[in-house]
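Hi everyone, thanks for coming along.

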Amino acid sequence: MLILDALGVSNSSFLFHDKQLEEFTRMSENNFDIQSPPCVLCGWTDNCPEKYGEKRTYVEYNLTLHNYCLLMSSGIWQRGEENEGVDGFLIEDIRKEVNRAARLMCNICRKKGASIGCVAPKCKRSYHFPCGLQKECVFQFMEDFRSYCWEHKPVQIFSDKESREPSQCTICLDLVEHLPLYSVLRSPCCKNTWFHRECLQYQALSAGIFFFRCAVCNNKDKFQKEMLRMGIHIPEKDASWELEDNAYQDLLQCYQHCDIRRCLCKNGRDYNKPDSKWEIKRCQSCGSRGTHLACSSIKSWEQNWECVECRSIFAKGKYSKRKKHSLAPSEKMDGTTCLLEEPSPKLPRQSPGSQRNCLLQSPKIICQNNLSPCSLLELPTSNRVAMSLSPLMSNRNCSLRKKHLRMQRKEASNILKELKQQINTKTTRLNINTENIWKSALKGFRQRNFRPTNTIEVKFTNCKNRVKTDSFTGSKHLFFHLLMLHIQNSSLFEGSSAKNLSVDPQALKENLYFEAGKMIAVSLVHGGPSPGFFSKILFDCLVYGPENVKPNLDDVADAGVAQTIKKIKYSESLSSLQSTVHDCYDFLAAAGCLRPITSLRDKDMLVNDLLIHHVIKRIISPLESFRQGLKTLGLLEKMEMHPDAFSSLFCHKPENLSAEALCDLFTIHSSTDVNKVGAADFWMGYLQDVESGESVVTLQDILFFVTGCSSIPPIGFDPEPTIKFLPVHYPIGNRLLNCLELPITRTYENFKNKMEFTIRNTLRGEKE
């Protein structure tokens with residue numbers, strides 16, 4: 001039944017009486033949901049403020065209206081004050097407008113009640129507001145609130161020279177086609193910047209007229225004018241984030257937290273006692289990091305202090321390749337004492353030439369009757385394991401390099417844990433087909449509801465035993481492991497082991513470089529493995545910028561190109577150089593490196609131009625797209641602040657799993673009785689046997705048995721792996737808690753047999 005028939009409006013009188021309103025109310029109670037009456041102008045019951053404006057019912061007037069339907073109606077004006085009628089629209093005017101629309105048929109749905117007309121000259125089309133939206137009409141929420149039908153609506157003019165390749169919407173980060181469509185809008189102030197109409201409308205409703213502006217260049221006036229012309233409604237209100245209660249309460253508080261890695265204060269990092277060594281001093285540059293005076297060896301409050309991030313920013317000079325070395329606490333940087341170095345642990349210092357006899361130190365042990373960690377020196381002599389140093393570790397230089405790399409990875413792990421604090425509890429499920437890992441991962445990352453800050457849950461869709469696979473805590477780690485392998489061997493990269501970006505036109509068109517960078521960032525923050533295959537030149541371009549990097553011949557991945565550059569570089573006479581340049585004329589012309597050769601010294605500049613072109617300039621577009629992807633979750637910003645730490649993850653393969661690494665990974669929750677039996681000795685001795693090949697299982701098997709992961713992710717495990725010695729018959733691996741429950745045995749042989757039997761059969765069953 002038509003709304004106008006329910007109102008009792010006749011075609012001859014078009015009058016709207018109170019009795020007819022009462023009749024409408026009575027009929028609506030029988031035919032409609034009383035909580036959702038229809039709008040008297042469009043007849044729709046939908047309540048969608050983003051599309052139709054706020055839907056309000058005025059009981060005293062027996063009226064229900066969509067705000068946009070009222071604003072865009074052609075035959076009504078605000079003749080009253082803001083507090084009169086409905087936002088200045090008088091009730092009698094609204095009723096007259098309903099009667100006027102009763103004789104107008106909608107050119108879209110063919111029903112009466114069309115209160116909106118096209119303002120184009122000689123156009124007599126009328127329609128309801130919701131019908132106009134469906135037909136892609138344009139409604140201008142400014143000045144006289146004009147409306148244009150689908151034929152006369154304003155459009156944006158595109159030049160034929162402009163690129164038609166899809167780009168990224170800077171609001172939702174999905175791809176947007178460069179086509180003259182209603183659903184697509186181009187920024188008037190930024191060249192080649194495109195948005196989805198729906199994304200712009202949601203942003204405008206949230207930001208309001210005071211904060212709605214171009215998301216790229218921050219232009220406000222020109223951007224708003226064009227968006228209003230194209231039908232984006234910008235409400236005259238403050239931004240939604242400005243209306244939250246106590247939204248900026250944190251800004252009124254001073255930062256009071258010690259951020260030094262090893263805080264020495266027994267009362268905790270938040271303890272602050274003025275005029276003492278436990279007073280917290282903030283960074284003089286940013287004010288968002290702090291330290292106790294004692295934790296950074298600051299003698300007085302007047303002494304300046306800067307955090308690690310600010311020091312890296314204000315470091316003198318631009319990037320230059322130099323030898324890496326760790327600063328001693330006494331060394332100085334730029335004439336200022338390095339206060340960021342933490343106090344070294346109070347342990348006996350060994351001389352460089354002293355013989356080390358202990359490969360595995362006692363693991364972290366927490367006694368049940370004493371909550372403080374028990375150090376190696378506090379344990380009985382029977383609980384220490386003395387083992388000979390492996391031949392590989394006997395090389396002191398190799399040992400120092402590994403130690404330095406381990407420290408860098410630990411620093412990167414702490415930074416990744418900070419980034420992980422962004423992850424919320426809302427879950428996003430990725431359905432992954434292991435036979436086509438890239439396609440299914442790309443589909444999951446591009447789905448509309450995917451957010452990098454959501455917790456990721458992985459489900460393998462092509463597994464025969466889905467129940468077991470879905471219950472795997474390590475399924476997410478397995479997915480990221482397979483994904484990193486695919487990215488490493490894809491057409492996006494070139495080179496053998498240390499890879500640089502390649503130039504794949506199809507990948508550029510499909511924005512795959514951005515997606516690959518985004519996947520690597522998400523993988524690292526969500527607990528996936530490190531890439532480990534980047535070349536040093538690629539990492540330096542990402543971190544320091546391509547303009548600050550100088551490539552060499554080893555950075556050229558193409559063997560043919562490298563051979564040509566070598567011929568030029570090693571020319572011994574001017575004639576041979578000119579002959580080589582003549583033979584390579586097409587090659588040099590394609591690279592844009594043609595230059596007159598008048599002396600033998602010209603070859604150095606020519607070689608430099610060729611290296612810069614083939615290693616850097618050629619991949620500028622993929623590099624920039626890849627950098628944008630790495631910005632996900634703030635990863636690239638941290639890489640720029642801590643280049644040495646993240647170089648250990650991007651440019652170096654993960655360290656092979658060792659007995660020492662597993663020993664340090666697990667924290668033993670033990671009791672005094674267990675210590676007497678020597679359970680910790682059995683555990684460490686078993687790890688050493690496995691590492692030396694005297695066992696049927698591997699260290700990877702042990703880690704997988706407990707955590708579901710075959711390697712230690714850069715960010716570590718959450719929760720941290722623990723060991724409990726309990727009166728159980730066989731070992732139990734709790735992957736939900738990363739807890740290994742070990743049996744208490746009287747002999748080492750019995751302990752070893754139970755470990756091997758359980759781990760071997762459990763993993764064999766899972767593989768089958």
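**A walk through some helices and loops**

Let's start with helix α13, where the buried residues are S475, H477, F479, F480, L483, M484, I487 and Q488. Buried here means under 20% relative accessible area, while exposed means over 50% and partly exposed is in between, using a 1.4 Å probe and protein chains only. Helices are DSSP runs of H or I with at least four residues, strands are runs of E with at least two, and both are numbered from the N terminus.

Before going on, a word on where this comes from. This is a predicted model, so local features need pLDDT of at least 70 and side-chain atom pairs count only at pLDDT 80 or more, while totals for chains, interfaces and linings use all residues. Residues are numbered from 1 along each chain as its sequence is written, and side-chain values use heavy atoms, with hydrogens and water left out.

Now the overall picture. The protein chain has 28 helices and 24 strands. Of its 768 residues, 44% count as buried. If we take contacts between residues at least 6 apart in sequence, 61% of them join residues at least 24 apart. Contact means heavy atoms within 4.5 Å.

Back to α13. How far apart are its end C-alpha atoms? They are 20 Å apart, which agrees with the 20 Å that its 14 residues should span at 1.5 Å a residue. The expected span is 1.5 Å times one less than the number of residues.

**Helix α11 and its two partners**

Two packed helices are described by the angle between their axes and the distance between the axes. The axes are lines fitted to C-alpha atoms, for helices over the stretch in contact, and the angles run from 0 to 180 degrees between N-to-C directions.

Helix α11, residues 437-446, packs against α13, residues 475-488, at an angle of about 110 degrees, and their axes are 10 Å apart. That makes α11 roughly perpendicular to α13. For that wording, angles under 35 degrees count as roughly parallel, over 145 as roughly antiparallel, 65 to 115 as roughly perpendicular and the rest as oblique. The crossing of α11 and α13 is left-handed, meaning that the near helix is turned anticlockwise from the far one by less than a right angle; clockwise would be right-handed.

Which residues make this contact? From α11 we have I437, W438, A441 and F445, and from α13 we have F479, L482, L483, H486 and I487. By class, the contact of α11 with α13 has 8 nonpolar residues, 1 polar and no charged. Ala, Val, Leu, Ile, Met, Phe, Trp, Tyr, Cys and Pro count as nonpolar, Asp, Glu, Lys and Arg as charged, and the others, Gly among them, as polar.

The other partner is α15. The axes of α11 and α15 come within 11 Å and cross at roughly 85 degrees, and α11 and α15 are therefore roughly perpendicular to each other. Here W438, A441, L442, F445 and R446 of α11 meet L512, E515, A516, K518, M519 and V522 of α15. This contact of α11 with α15 divides into 8 nonpolar, no polar and 3 charged residues.

Is α15 mostly covered or mostly open? It is mostly covered, with 14 of its 14 residues buried. After α15 comes G527, which has a positive phi near 100 degrees.

**Another pair: α16 and α23**

Helix α16, residues 536-544, and α23 have axes that come within 11 Å and cross at roughly 140 degrees. This crossing of α16 and α23 is right-handed. F539, V543 and Y544 of α16 meet P643, F646, S647 and F650 of α23. The residues of that contact are 6 nonpolar, 1 polar and no charged.

**A few loops to finish**

F145 lies in the loop between β5 and β6. Its phi is near 55 degrees, a positive value in a residue other than glycine, and F145 is partly exposed at 29% relative accessible area.

L173, in the loop between β7 and β8, also has a positive phi, about 70 degrees, although it is not a glycine. L173 counts as partly exposed at 39% relative accessibility.

Last stop: the peptide bond from D718 to P719 is cis, with omega near 0 degrees. You'll find P719 in the loop between α27 and β22.
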